[in-house]
Amino acid sequence: MAALLLAGCGASPDPDAAAPAGAPAPVDPAELEAEVVLAPLAEEAVVPAWTPEITPVPANRIRQALKAAAADEAAGRLLAEPVPAPIDAAAVEGAAEAEAPAPGALERYLGVLATDATEATALAGVERILAELQGRGRAALAEARFADAERYERVCTRAQPQHPGLAAYREAIAAARRAQESVRLAEARAAANRIFKPEGGGAVVAYREALAAFPDYAPARDGLARLQAAHLNRALQAAQEGDYAGSERLQAEAARIVPDSSALQDMAARIVELRQSRTEQLLAQGHAAVDALDLELAARRLAEAEQVSLQAQGLDALGERITMARHYGRFRPGQVFREPLAIGGEAPEMVVLAHGAFEMGSPEEEPGRFDNEGPRHEISFARGFAIARNETTVAEFRAFVEASGYRSVATRRGRSTVYDEKGGVMGEHGRVDWRRDYAGSPAQPELPVVHVAFEDAEAYAAWLSAQTGQRYRLPSEAEFEYALRAGRTEAYPWGEGVPSRVVGNLTGDGDESRLKRKWANAIPAYADGHWGPAPVRTYPAEAFGTFDLVGNVSEWVLDCWHDSYRRAPRDGSAWVNPGCDERVLRGASWASSLERARSAYRQSAPAETTNARVGFRVVREL
């Protein structure tokens, strides 16, 4: 961490520096004079300098100071606030001299660091507070509160001039200033009724340039909303007068201003009430076609209804059903289901995951990162898919073996790798296959099946497909990470750092074997109650409704091993080369260190590998 600056103030960014690529060009002053007359900006409040009194904390009071800083931080008192001057000096005449404001959490941490510049708790506290202040500053920029935003910049600059987020924060301030200028121009154009014209130069364009400069800039969003509201009011009046073509034109213009806004949808609902009955029959036919999964017929009926009345009530619902069916068939995101097997019984319980996109892999700065986790790249799923809620169990695999007569790789080989309790190491033992647990003892039915090779997992999935008439398979590596991350972008599925609660079966320092062995690579202050795999669903469900993706056993996925993601598919499909003998394992196991529980962690294994740490789960295509 860079040294903390306790005196002086860092320089603001160069106003003449080049704008980043993709940023809108600054507004030309000549354009302002030639096109419109702009009112001067209101005078802004002077941004006060942050001049804290940093008093080094005596070494024997550091612990007390850290406790006070933590309490201030928890209470939101991050900075010392200035004491306002009394309104009537005479009213306080004779009163004791006012005390200086109590320091906030940041000043307290800096006081500790003034004594001990390496004190870890204070360093971490400063880092948290500066990140929080920059977050508050970005929120202030979004509301055009520049004085607040720039005050936070001065605080951060003074406290830690080399803070890694300062450059981006300063660029955010500059971007918000550019957005402010674009909004001024947009408002002047709107006052002159120049909404769309000339092409590329109307008020809408200027508001969008503001949002391109600073996407969260509220004055720009509000300005677009005002323009749209005016168009929608005129559209309603036209519809009330029977001018449906004019109403549709005005609604189309409103949609150009803010596509798919709630105001647009609300007004459309009011207008289409006049025309709804003309399309009810076509809509009913379209819904019946979706029920039969005849999506081409459904789309034709929808198009016919749109020709009759573009604003008819129910068009959106039918369109959404068609879209949903294209993405999920007869299912819906989050739905849990089980399918019957031809021999009796049911396939594994599945949960439907929504289609979408995510960033796969880890950023270069992520602690514990391996080179094979990059480059980070976007994966986009055009269709949803269903994934087994838990790892395949011993009972489920037994049903497959007994019904099909299948002999696993370990069964044919006559051996597999187990955990040797006495030696505390993994070793190969004879007469061990899927019927045994991590130590080679008979496995309980509810445990995840282990000692299974890649081809065993594929054989089980193929059997499920034959039994159900649907397409079951192993997940792709992208599908596994998508499900594991469940929408999060941090290093771990639960966020950052050591988990604050039990999230799965990992190596905790509170776990011990039957012979009282402890992990050498244990997660501090973590105890999940199991040494070796736990019965599936022992731990709370994960965000997408799955269990044990975080830990328990590592799992086979479809992909061949590649030592990076260069040229990897971007559609979520498996990256397979014919004849490859190295496959990919994803997810942590009961014996994994903390860094291997990261969402991006991946490892290679020969396809014929069988051991006590590896199992699998299946995916069902929709």
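Me: How many residues has the largest nonpolar core?
Reply: This is a predicted model. Those with the most contacts inside the largest nonpolar core include Leu106, Tyr109 and Phe214. Helix 4 (120–142) and helix 6 (166–191) are among the helices that each supply at least two residues of this core. The number of residues in the core is 54.

Me: Which glutamate does Tyr109 touch, not counting residues up to four places away in sequence?
Reply: Tyr109 is one of the residues with the most contacts inside the largest core. Its partners include Leu66, Ala69 and Ile129. The glutamate among them is Glu73.

Me: How many residues are in the second, separate core?
Reply: This core includes Ala386, Val449, Val452 and Leu622. Its number of residues is 37.

Me: Are helix 9 and helix 10 roughly parallel or roughly antiparallel?
Reply: The axes of helix 9 (residues 244–257) and helix 10 (residues 262–272) come within 11 Å. They cross at roughly 170 degrees. Angles over 145 degrees count as roughly antiparallel. Therefore the two helices are roughly antiparallel.

Me: How many charged residues are in the contact of helix 9 with helix 10?
Reply: Ala254 and Ala255 in helix 9 are among the residues that meet helix 10, where Leu264 is one of the partners. By class, the contact has five nonpolar and two polar residues. The count of charged residues is none.

Me: Within what arc do the buried residues of helix 14 fall?
Reply: In helix 14 (residues 394–404), the buried residues include Phe397, Phe400 and Val401. What covers the buried residues includes helix 16 (454–468). Seen down the axis, they line one face of helix 14, because they fall within an arc of 165 degrees.

Terms used. Residues are numbered from 1 along each chain as its sequence is written. This is a predicted model: local features need pLDDT of at least 70, side-chain atom pairs count only at pLDDT 80 or more; totals for chains, interfaces and linings use all residues. Side-chain values use heavy atoms; hydrogens and water are left out. A nonpolar core is a set of buried Ala, Val, Leu, Ile, Met, Phe, Trp, Tyr and Cys residues joined through side-chain atoms within 4.5 Å. Buried means under 20% relative accessible area, exposed over 50%, partly exposed in between (1.4 Å probe, protein chains only). Helices (H or I, at least four residues) and strands (E, at least two) are DSSP runs, numbered from the N terminus. Contact means heavy atoms within 4.5 Å. Axes are lines fitted to C-alpha atoms, for helices over the stretch in contact, and angles run from 0 to 180 degrees between N-to-C directions. Angles under 35 degrees count as roughly parallel, over 145 as roughly antiparallel, 65 to 115 as roughly perpendicular and the rest as oblique. Ala, Val, Leu, Ile, Met, Phe, Trp, Tyr, Cys and Pro count as nonpolar, Asp, Glu, Lys and Arg as charged, and the others, Gly among them, as polar. The arc is that of the directions from the helix axis to the C-beta atoms.
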